[in-house]
Amino acid sequence: MIIVKDVMGIINLQEESKFIRELTEGRNVESIPFAGRYRLIDFALSSMVNSGISNVGIMLPNNPRSVLDHLRSGKDWDLARRHEGLFYLPSAEDEDNPVKGDLKNFYHNLDFFEHHGQQYVLLANGSFIYNMDFNELLRFHQNTGADVTLVYHMVSGEQQGRSVVIETAENGLVEDLAIRNTVYDGTKVSMGIVLMSKRLFTEIIRDSYEHGGLSFELDALVRKAKDYTIYAYEHDGYTSHVDSTSSYYQTSMDVLQPEVWEELFMGENSIYTKVKDAVPVQYKGTSEVNNSLLANGCVVRGKVNNSILFRGVKVGEGATIKNSIIMEKCDIQDGALIENVICDKNVIITKEKWLKGAPNYPLIVKKNVVI
Amino acid sequence: MRKTECLAMILAGGQGSRLGALTKKIAKPAVPFGGKYRIIDFPLSNCANSGIDKVGVLTQYRPLELHNYLASGSAWDLDKKEGGVFILPPYAREKGADWYRGTADAIYQNLNFIDLADPDYVLILSGDHIYTMDYSWMLEAHKRNKADATIGVIEVPWDEAPRFGIMNTDKTGRIEEFEEKPAKPKSNLASMGIYIFSKDFLEKYLIEDARDETSAHDFGKNIIPKMLADKARLFSYAFEGYWKDVGTIESLWQANMDLLQDKPPFELDGDWRIYSSNPSMPPHYVGPEAQIKSSMISEGSMILGTVENSVIFPGVRIGKGAHVMNSVIMPSTVIAEGATVDYAIVAQNCRIESGAQVAGEPGAITVVAEGETVAAEAGSKQAG
């Protein structure tokens, strides 16, 4: 019987940022603000904590400041513990071997994995949005007797972006893993969640890195799929992978559907994030707000439609915000009009300015810009 | 414990019987306020912001929810290695156990705790006022005046003065006379129930008072008059700003409504932030047909109907076509489709069924007690 206390969580923060550049200046993909008060990493991390995992290692990106500032001691996730809790695993700067890829980082942190007592490793990618209880996954892994279990979701519609596609037999036994850039309706796509014994995990890391491997996903998993018994487990709840500006925008708009909002946030298991003490939203006499999410600390005097307002956003009188994502502490002044726009933190749109993106191609205003 | 300059003691044991249905299950300081806070957040945040990091909270009436809320004190950044929040309910001694028989007795019974903290000054606060105040200035004044005791006072309208404890002072602020609810007040400086005492001085009076069997063991009624009779150095410290006693339904409702002004009379964030224990809830969702004006709405709520001039706490559901006006809706309450709530305070976990009406009126706010269901067929719940 695998018990959850016997599982070590590892969150990988190595998502490529080339398709989401505008939002990753000074931050890694997993630290991008999401849904009004969260960061992408909160979803994988909260799912682990809610499942009962009490030892979580964070594989840090090269510039870890934003993620360190967000997670700090882990207290807001209840991971500031006397024993175990949150651990930071630095990325490896190895001058003699300047290769890229996350395998090197895993390899240089092998002593951490070996030092801790847990028998299993649950690896998750920090750029997926879901709220999941991993206990059922543990039972599945136990019952199939698999070496490795992958979690997938079924794609609906056509999706762009690098995905690990999983082909399985009826009982879930994985027959093939492949990397594709476009996937179609009904395809089984990996959610970046991998469960295996720690012994196998360290063996795979050591072996693939020492044989010149660079990427965990490609060299340790996809290329080695035939060597192990791999099973795939389906998560049928809401899932989204944020790996590009358009998937970020689309996923954000998904949260405006009450069913998605309920499923992600209002079920038995909460999503935790860094706590800030903000006042409830203040709606003034001239406010008109529809189909939107507003985080505490906002002051609204204008119109907001189909949009997400992060903490501390000000909307002036006569201002209109439509189909937009406005991050923390932006100031949209009187009479300004914003449509299909993503404003990063601390943006000021001065009075009467108009800003419009295309419906499927939002305009992005970078941090601290004044327009 | 390390020596402390100023120890705060918050009197949080009162029942708050004038809040009626709202304090049936919880102590007054635990009553929700302002869309996410509880009343006790104000003195606690004031302490944290004033640099006072050792705070005793004296609890007695229905303390469980309050204890649970205070927890380690981390919400107010008061989980310190040396200091933090200390929860002080009555406890048993060799000769038996006593309830706290009054505000002075509550402090008296915790003299051991005060000795442990070893402060030069003791700041006594009550858990039923809404205000933001820097106690460090008051402490400075206390030291400058070489006072034995300093009492926080605020100017109240002359016609309201007979409802308060009134201080008559000389030009330097030294208190010459204290009158409890005078019919003909000589001044309009009301006591805010905030006291700073020099520790040894306080200890002496508390021990004397405990021996006096005729005493009601109350600061306002017994201790302060006794100190004045002894010609001790008692000074007033004038506070300017928003201060509201929320001990009654009307005043609690009014203080909530005060937050809804276009420019609220005091700030909850900014430099003097009010801290509170934050629930893990998402930004609130406003539906396609919702209409919201002049209101405060907190996280985790779902608003599909109309909300005007109201304060909505976390996790509240307001259904399609429901109307909520001039009201305070506390956490996790559901206002179902087409229900109407006007001039009311609806406590936590209530359910106002579809089509039901809860209608109070100005001056007669209706209260729905925690966990109640108001059904449509039962008719409407009227004022009173």
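B:Tyr343 sits in the loop that joins β26 (340-342) to β27 (344-346) in chain B. The model is a predicted one, and in it B:Tyr343 has a positive phi of about 45° although the residue is not a glycine. Most residues other than glycine have a negative phi. B:Arg62 is another non-glycine residue with a positive phi, here about 40°. B:Arg62 belongs to the loop between β4 (54-58) and α2 (64-70) of chain B. Its relative accessible area is 46%, so B:Arg62 counts as partly exposed, the class between buried, under 20%, and exposed, over 50%.

Chain A has a mean pLDDT of 92, with 98% of its residues at 70 or more. For chain B the mean pLDDT is 92, and 98% of the residues reach 70 or more. Within chain A, confidence is lowest in helix α7 (residues 216-222), where the mean is 87. Strand β19 (residues 308-309) of chain A has the highest, at 98. Where pLDDT is low, the predicted coordinates should not be read in detail.

Chain B also contains helix α5, which spans residues 135-144. Its buried residues are B:Tyr135, B:Met138, B:Leu139, B:Ala141 and B:His142. Around the helix axis they cover an arc of only 160°, and therefore they lie on the same side of α5(B). The other side of α5(B) carries B:Trp137 and B:Arg144, both exposed. Just past the end of α5(B) comes B:Lys146, with a positive phi of about 45°.

In chain A, helix α5 covers residues 135-144, and here A:Leu137, A:Leu138 and A:His141 are buried. Viewed down the axis of α5(A), these buried residues fall within an arc of 105°, so they line one face of the helix. What do the buried residues of α5(A) pack against? Their partners are strands of chain A: β1 (7-12), β6 (120-125), β8 (148-154), β11 (188-197) and β12 (230-234). After the helix comes A:Gly145, which has a positive phi near 65°.

Strand β1 of chain A, one of the strands packed against by α5(A), holds A:Ile10. Is A:Ile10 buried or exposed? Its relative accessibility is 0%, so A:Ile10 counts as buried. Leaving aside residues up to four places away in sequence, A:Ile10 touches A:Met48, A:Gly57, A:Met59, A:Phe106, A:Phe113, A:Val121, A:Leu122, A:Leu123, A:Ala124 and A:Phe201. A:Glu167 stands 157 residues from A:Ile10 along the chain, and their C-alpha atoms are separated by 25 Å.

One cavity of 30 Å³ or more is found in the structure, and the largest cavity has a volume of about 50 Å³. Which residues line the largest cavity? They are B:Ala21, B:Leu22, B:Lys24, B:Lys25, B:Ile26, B:Val31, B:Pro32, B:Met330, B:Ala347, B:Gln348 and B:Glu370.

Conventions. Residues are numbered from 1 along each chain as its sequence is written. Chains are lettered from A and ligands numbered from 1 in the order in which they are written. This is a predicted model: local features need pLDDT of at least 70, side-chain atom pairs count only at pLDDT 80 or more; totals for chains, interfaces and linings use all residues. Side-chain values use heavy atoms; hydrogens and water are left out. Buried means under 20% relative accessible area, exposed over 50%, partly exposed in between (1.4 Å probe, protein chains only). Helices (H or I, at least four residues) and strands (E, at least two) are DSSP runs, numbered from the N terminus. The arc is that of the directions from the helix axis to the C-beta atoms. Contact means heavy atoms within 4.5 Å. pLDDT is the predictor's confidence in each residue, from 0 to 100. On a 1 Å grid over the protein atoms alone, a cavity is a set of points where a 1.4 Å probe fits but cannot get out, and a pocket is an open set with protein on both sides within 12 Å along at least five of seven lines; lining residues have an atom within 4 Å of a point. Grid points are joined across faces, edges and corners, and a volume is the space filled by probe spheres set on the points.
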